[in-house]
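Please look at the chain shown here.

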Amino acid sequence: TEQTLLGVRNNATYNGKTNRAQTNLQLLTYSAGTPAGADITVRLRLNPNLTGASFTNINSTYSCSSVSTAATLASDGGFYSAGVEWVSFVVAGGTSGVLDLHPYNMHLAPGDILEITGQASSGTPTLRASISWVEDF
């Protein structure tokens, strides 16, 4: 089962006004714990259909972004429900690394959501991820 790890949203409004800033994605770090030896697929999805998402502003005065760790992917199995798969790669359980996102030129427009997910080839993955970005005002 594909599990959501972290969602980042570029809020549609910022300080009570229409947000016009882009969120430029920089680096993704990950750590794939168990199951050791199992392949774990990490995916970055743009605008998936989420249930249970609860986004919290990073800083409502100085940041147009918010994050959620509570969402799950909608289970209707449709192409659009999973969003656009921007990047996917496979890592071995028990490994960690950093992915430079600069070459992919990935930007979130106002209202866009990036969801980082993980799926193990067997068992349930213990995968951790973090992402850095720059807000282009």
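This is a predicted model: local features need pLDDT of at least 70, side-chain atom pairs count only at pLDDT 80 or more; totals for chains, interfaces and linings use all residues.

Residues are numbered from 1 along each chain as its sequence is written, and side-chain values use heavy atoms, with hydrogens and water left out.

The protein chain has zero helices and 14 strands. Here helices (H or I, at least four residues) and strands (E, at least two) are DSSP runs, numbered from the N terminus.

Some values for the whole chain:

| Property | Value |
|---|---|
| Span of the C-alpha trace along its principal axes | about 50 × 30 × 25 Å |
| Buried share of the 137 residues | 45% |
| Accessible surface | about 7100 Å² |
| Carbon and sulfur share of that surface | 50% |

Buried means under 20% relative accessible area, exposed over 50%, and partly exposed in between (1.4 Å probe, protein chains only). Accessible areas come from the Shrake-Rupley method with a 1.4 Å probe; for residues, only the protein chains shown count as cover.

Now for the tyrosine. Is Tyr-62 buried or exposed? Tyr-62 is exposed, because its relative accessible area is 63%. Leaving aside residues up to four places away in sequence, Tyr-62 touches Tyr-14, Glu-135 and Phe-137. A contact means heavy atoms within 4.5 Å. Gly-94 is 32 residues from Tyr-62 in sequence and 37 Å away in space, C-alpha to C-alpha.
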